[in-house]
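Here are my notes on the model you sent over. Have it open in your viewer while you go through the points.

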Amino acid sequence: MNSVIKGASYVLVHTPDMVIYNGTTQTTERIVNPESDYLKQVPKHLRSYEEAVGYWPNQTYIGNIHPDELAKVEMPWYDKKMDNADRYGKFGEIMPQEEFLLLVQVCDMFEVVKLEAGFVNAHKEAFAKNPIISEDISSRITDGVSSSDIEHHVNDEHAEGLYHDGKLVGCVKKAHDIDVNLSAHVMHENLMSKASSVLALLYAVKNAGIAKEDVEYVVDCAEEACGDMNQRGGGNFAKAAAEVAGLVNATGSDLRGFCAAPAHAVIEAAALVKSGAYKNVIVTSGGCTAKLGMNGKDHLKKEIPILEDCLGGFAVVISEGDGENPEINLDMLGRHSVGTGSAPQAVMTGLVISGLEKGGLKISDIDKYSPEMQNPDITKPAGAGDVPLANYKMIGALAAKRGEITPKELGDFIAKHGLVGWAPTQGHIPSGVPYIGFAREDIMSGSIKNAMIIGKGSLFLGRMTNLFDGVSFIIQANSGDASAEAGVSEEEVKGLIAKAMKDFAATLMSE
Amino acid sequence: MAILEGKKAIIIGDRDGIPGPAIAECVQSAGAEVVFSSTECFV
Amino acid sequence: MDLENQKRVKDFADELGAENLIVILGAAEGEAAGLAAETVTAGDPTFAGPLTGVQLGLTTYHVCEPEMKEEFDEAVYDEQVSMMEMVLDVDDIVSEMSAIRDEYCKYL
């Protein structure tokens with residue numbers, strides 16, 4: 001029996017100060033051009049928390065509106081505020097920076113995170129009041145230290161500063177004096193990824209309606225590496241986050257695959273559950289501080305606010321077939337393989353067609369495609385175009401090449417099978433998975449019967465291979481019979497009885 | 001005169017446009033020698 | 001343009017001679033293409049990389065431009081690139097590239 005999607009969560013964390021101090025576009029500029037005008041302008045173009053919450057694509061990401069509703073809002077979106085925008089959404093929340101820094105402190109197991117005493121006192125109540133933050137988590141908040149203590153670490157000990165409203169409110173210390181893999185910078189990046197993953201895990205368990213004890217395995221699919229000089233990418237963000245989230249019966253492991261990782265991870269989780277190895281697996285990942293403000297220069301040049309000001313996180317709960325929730329089909333997986341090549345046409349064929357062909361399906365047999373769902377508000381001003389739309393054009397072009405539609409019908413095809421983009425440009429975060437929560441609901445309500453999730457990864461960025469990568473899978477309506485393959489079917493039993501009676505009758509006759 | 005033939009080509013591809021290796025195939029078919037190829041990613 | 005790529009372009013120009021080089025781009029949009037083209041001709045307009053203030057004037061084209069298409073083997077182009085003509089705004093790309101070439105290329 002196919003595994004099912006029992007629930008999903010999507011969270012954002014508004015981290016404007018981290019744009020300045022941790023986004024690589026800004027940190028690189030500080031090295032190359034420390035006096036640049038750009039660096040002076042960045043702080044003036046960051047959005048407030050209220051603005052980030054009221055931003056239509058962010059409200060979509062956490063589930064307060066469906067992508068189809070976002071599509072009706074005229075672009076650009078950055079100059080519009082949604083009415084009745086809420087910090088909390090159906091799938092998660094948009095957490096403010098000050099509360100997140102407390103969550104980061106909670107996630108720190110090695111006393112590298114120091115927060116200023118006044119800052120902790122000012123915000124610990126609000127942090128604890130968040131319905132998703134249970135007592136076991138909020139009780140881990142420790143008292144802060146003096147600001148001179150923090151200044152000393154930042155100025156003299158290479159600690160990474162933690163800032164809020166432009167002020168230094170804490171730091172992440174290095175975890176080792178010599179090992180660069182445990183530098184303050186690495187610890188900071190990793191803790192931010194871990195903490196946003198914890199938040200996603202908490203919501204996923206809640207949204208799926210399962211108990212924390214029910215989770216047996218967690219797969220982290222972010223793009224960070226944690227380890228030390230002897231094992232640089234040893235990992236296990238999954239277990240580290242599961243620990244803080246209170247998933248006492250879970251172990252886990254990390255899956256890395258650049259931006260294609262989430263799709264790989266969901267397939268792996270679905271296979272683990274379908275095989276019977278585990279009953280409940282959660283795929284999760286946190287966000288990436290390096291990518292904050294990545295396209296900031298283009299945004300500023302066009303007089304747009306710095307839109308890449310949030311960390312993204314998500315989690316998907318995959319459980320045993322239950323006759324109810326939408327299933328993950330493992331018989332029609334698409335994949336870009338070693339031999340596929342890098343031509344866009346070959347890539348799309350590998351990802352989309354190779355899976356469909358296994359089930360004898362046509363491109364138009366899939367109701368909705370969810371490839372890379374980056375928010376075009378962010379990418380268009382940066383010269384990267386509308387990424388979801390480009391993907392849909394490619395899928396449509398393939399359909400036209402195969403005679404399923406005429407080139408003139410491309411627009412209709414895109415409207416029918418496509419979605420507008422809404423996810424932040426946090427690498428793996430927009431890659432296929434943002435639609436899973438909506439897909440589950442759309443399938444259960446009957447508005448669609450299936451969806452294909454496509455993940456793509458730029459492996460060449462790691463300089464180990466020049467290859468692309470990607471995988472795809474189909475989510476479909478549950479077949480409805482929870483006991484379908486459990487033991488012998490009714491038909492078989494009737495058949496056996498009929499045969500037995502015939503044999504018995506024959507025996508009687510012969511006597 | 002052909003623009004590409006006999007030239008040394010540097011390829012700057014784009015993950016969301018045409019990636020490096022795909023451009024390299026084309027450029028080589030026109031008689032240029034590829035000395036460097038890269039694919040950039042901005043998303 | 002990625003800083004490492006700028007460095008490679010500069011090194012190749014020094015090593016092989018700017019007049020012997022040609023830069024082929026695969027950018028997704030006209031503006032991105034124009035930016036890359038400007039970087040290898042007039043210098044990095046974002047002042048971030050090694051080509052800041054360096055005017056190499058290199059010959060540069062986008063792979064989808066008609067002058068390039070003409071020279072490629074048709075079957076190879078068809079397999080490797082052609083589908084993207086339905087996706088990219090080629091006219092926009094051509095217009096941006098032409099403007100940069102006309103102004104900054106030294107070896108056309």
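1. Keep in mind that this is a predicted model.

2. Strand 1 of chain B runs parallel to strand 1 of chain C (residues 21-25), and the pairing has five bridges.

3. Now the whole contact between the two chains: chain B puts in 27 residues and chain C puts in 29. On the chain B side, at least two residues come from each of strand 1 (8-14), helix 1 (20-29) and strand 2 (33-40). Strand 1 of chain B gives the most, with seven residues. Sorted by class, the chain B side that touches chain C holds 17 nonpolar, six charged and four polar residues.

4. Next, have a look at helix 2 of chain C (residues 30-41). From first C-alpha to last, its 12 residues reach 16 Å, close to the 16 Å expected at 1.5 Å a residue. After the helix comes C:Gly43, with a positive phi near 115°.

5. Is helix 2 of chain C mostly covered or mostly open? Mostly covered: 11 of its 12 residues are buried. Among them are C:Gly30, C:Leu35, C:Glu38 and C:Val40.

6. What does the covering? For the buried residues of helix 2 of chain C, the cover includes helix 1 (3-16), strand 1, strand 2 (59-62) and helix 5 (90-104) of chain C, along with strand 1 of chain B.

Conventions. Residues are numbered from 1 along each chain as its sequence is written. Chains are lettered from A and ligands numbered from 1 in the order in which they are written. This is a predicted model: local features need pLDDT of at least 70, side-chain atom pairs count only at pLDDT 80 or more; totals for chains, interfaces and linings use all residues. Two residues are in contact if their C-beta atoms, placed from the backbone, lie within 7 Å. Helices (H or I, at least four residues) and strands (E, at least two) are DSSP runs, numbered from the N terminus. Ala, Val, Leu, Ile, Met, Phe, Trp, Tyr, Cys and Pro count as nonpolar, Asp, Glu, Lys and Arg as charged, and the others, Gly among them, as polar. Two strands pair if DSSP finds at least two bridges between them. The expected span of a helix is 1.5 Å times one less than its number of residues. A residue is buried if 20 or more other C-beta atoms lie within 10 Å of its own, exposed if 12 or fewer, and partly exposed in between; C-beta atoms are placed from the backbone.
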